[in-house]
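Open the model in your viewer and keep the selection tool ready. The tour goes from one metal site to the next.

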Amino acid sequence: MNLYPLLRRPLLRRPLLKQFGYRLFPGLCLCCNLPSGRDIDLCQGCEAALPAIGHRCQICALPLLHTAICGECLNKPPAFTNIIACYAYQSPVAELILALKNHRNLATGSMLGQLLADRIRATIPRQQYPNLIIPVPLHWRRSLVRGFNQSLELARPVGRELEIAVARNRVKRIQPITQQGRNKDARRRNLRQAFRVVGNVRGLRLAIVDDVVTTTGTTRAMAAVLMAAGASRVDIWCIARTPLEK
Ligand SMILES: [Zn+2]
Ligand SMILES: [Zn+2]
């Protein structure tokens, strides 16, 4: 009997503690507080109820009435190839992201990161995985105030699960975000100068990890500086995508 295909199954390659640890230390579902019964702090029922995005833009994952390419991507094609978004930015995904971002609930970050890794695994063949994962950086001043970067907290479990290196300092944010009160074009111009690539990304396939993609301004700007620095491809992986800005 040939056991090789069995051994190649991802479940069997995972460390034993990872596979069975939840039986020793059962976790609670972060949505309903009942035992999750799995190696992720989210029960099967609550996961199934998370808000899926139906039809969407094939490039930026913007929710649409039909699957197509949205007006913005047609008019101004972004430097990234596409956005993979797990969910629509609605309850309870919105609350979970805020728990991470505003209340530093790192368990939620780790759970959401695992969901993102599962989504990537189901979407991209392993041979096409990027060389590096880059979390959206915070400006150092904001980082100092907040004490952590939510995108890094999401990128870490994704990198661990998919066995892809996470480069936390490859892109620096050199301007704090002062977007309030600016119009869309001014925000765009401002954002393009907000990032600087540190070190060599020439020829690399990269995935930028973000919590929520709202206007695509940040991810467009980051992808543009990385492509200009010689990256061969940039994709965006995020937990949630918001509907069209009103
Ligand atoms: Zn639950
Ligand atoms: Zn689009």
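Donors here are N, O and S atoms within 2.8 Å of the metal. Keep in mind that this is a predicted model.

Now pick out Cys32 and Cys46. Cys32 sits in the loop between α3 (16-24) and α4 (44-48), while Cys46 belongs to helix α4. The two are 14 residues apart, and the pair links distant parts of the chain.

Next, colour by accessibility. Cys32 has 30% relative accessibility, so it counts as partly exposed. Cys46 is at 17%, which means buried, as the cut-off is under 20%.

**Second stop: ligand 2.** Move to the zinc ion (ligand 2). Select Cys57, Cys60, Cys70 and Cys73: their SG atoms are its protein donors, 2.3 Å away. The angles among the four donor atoms are 105 to 116°, and the site is tetrahedral. The spacing of the donors is C-x2-C-x9-C-x2-C. Cys60 lies in the loop between α4 and α5 (71-75) and Cys73 in helix α5, so this pair ties together parts 13 residues apart in sequence.

Are Cys60 and Cys73 buried or exposed? Cys60 is buried, at 2% relative accessible area. Cys73 is buried too, at 3%.

Note on methods:
Residues are numbered from 1 along each chain as its sequence is written. Chains are lettered from A and ligands numbered from 1 in the order in which they are written. This is a predicted model: local features need pLDDT of at least 70, side-chain atom pairs count only at pLDDT 80 or more; totals for chains, interfaces and linings use all residues. Side-chain values use heavy atoms; hydrogens and water are left out. Helices (H or I, at least four residues) and strands (E, at least two) are DSSP runs, numbered from the N terminus. Buried means under 20% relative accessible area, exposed over 50%, partly exposed in between (1.4 Å probe, protein chains only). Donors are N, O and S atoms within 2.8 Å of the metal (3.2 Å for Na, K and Ca); water is not among the atoms, so sites may look incomplete. Four donors count as tetrahedral if all angles lie between 85 and 135 degrees; four count as square planar and six as octahedral if opposite donors are over 155 degrees apart and all others between 65 and 115; anything else is irregular.
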